Amino acid sequence: MSSALVVGYEPQAIPGVDGEALRAALDAELARFGEHGIDVAMTLIAVDASAASTLVASLTKQPWDVVVVGGGIRKTEPLLPLFEKIVNLIRRHAPQAAIAFNTSGGDSVEAAQRWL
């Protein structure tokens, strides 16, 4: 079975966003991975000092075939340094994994499938 790690921002930590609704949408997307026979885990990070350690713990938990980086991480220009850090942590701690990018929380499966 192929494996995917989805990385995104913690919905409760995003100002002005309905965190519960966003989390429900993310959970629905995770269910879609199972429907496609892909073992999936999700790591949600906060924009603080814990982001790197949280991500590294997930990246090293098991070998991943693909890591999907959420659109919110790379589309927020002021957070570009964090996006760069995330990509480099993936390269360092999961070098065997392809890196994919979704356009929204609703197409993570398709992003992963491009590399599986």
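The structure is a prediction, in which local features were required to have pLDDT of at least 70 and side-chain atom pairs were counted only at pLDDT 80 or more, whereas totals for chains, interfaces and linings use all residues. Residues are numbered from 1 along each chain as its sequence is written, and side-chain values rest on heavy atoms, with hydrogens and water left out.

The protein contains 5 helices and 4 strands, where helices (H or I, at least four residues) and strands (E, at least two) are DSSP runs numbered from the N terminus. Along the sequence these elements follow the order β-α-β-α-β-α-α-β-α. The radius of gyration, taken over C-alpha atoms, is compared with a globule rule of 2.2 Å times the number of residues to the power 0.38; the value for the protein is 13 Å, close to the 13 Å given by that rule for 116 residues, so the protein is as compact as a globular protein of that length. Along the principal axes, the C-alpha atoms fill a box of roughly 35 × 30 × 20 Å.

Of the 116 residues, 41% are buried, the classes being buried (under 20% relative accessible area), exposed (over 50%) and partly exposed (in between), with a 1.4 Å probe and protein chains only. With contact defined as heavy atoms within 4.5 Å, residues 24 or more positions apart account for 74% of the contacts that have a separation of 6 or more. The protein exposes about 6100 Å², of which carbon and sulfur atoms supply 56%, as computed by the Shrake-Rupley method with a 1.4 Å probe. Counting Lys and Arg as positive and Asp and Glu as negative, without His and the chain ends, and placing each charge at NZ of Lys, CZ of Arg, CG of Asp or CD of Glu, the mean positions of the 9 positive and 13 negative charges lie 8 Å apart.

A salt bridge was assigned where a side-chain nitrogen of Lys or Arg lies within 4 Å of a carboxyl oxygen of Asp or Glu, and 3 salt bridges were found by this rule. In one of them, D27 pairs with R23 at an N to O distance of 3.0 Å; these residues are 4 apart in helix α1 (residues 19–35), and are therefore separated by about one helical turn. Both partners are partly exposed, D27 with a relative accessible area of 36% and R23 with 32%.

R32 forms a salt bridge with E29, their closest N and O atoms being 2.8 Å apart, and this pair also lies in helix α1, with 3 residues, or about one turn, between the positions. E29 is buried at 5% relative accessibility. E110 is partly exposed, at 32%, and salt bridges with shared partners join E29, R32 and E110 into one network.

Two loop residues were also examined. P78, in the loop between α3 (71–75) and α4 (80–93), is exposed with a relative accessible area of 71%, and its C-alpha atom lies 29 Å from that of K61, although the two residues are 17 apart in sequence. N102, in the loop between β4 (98–101) and α5, is buried, with a relative accessible area of 4%. Apart from neighbours within four places in sequence, N102 contacts V68, V69, G70, G71, R74, D107, S108 and A111.
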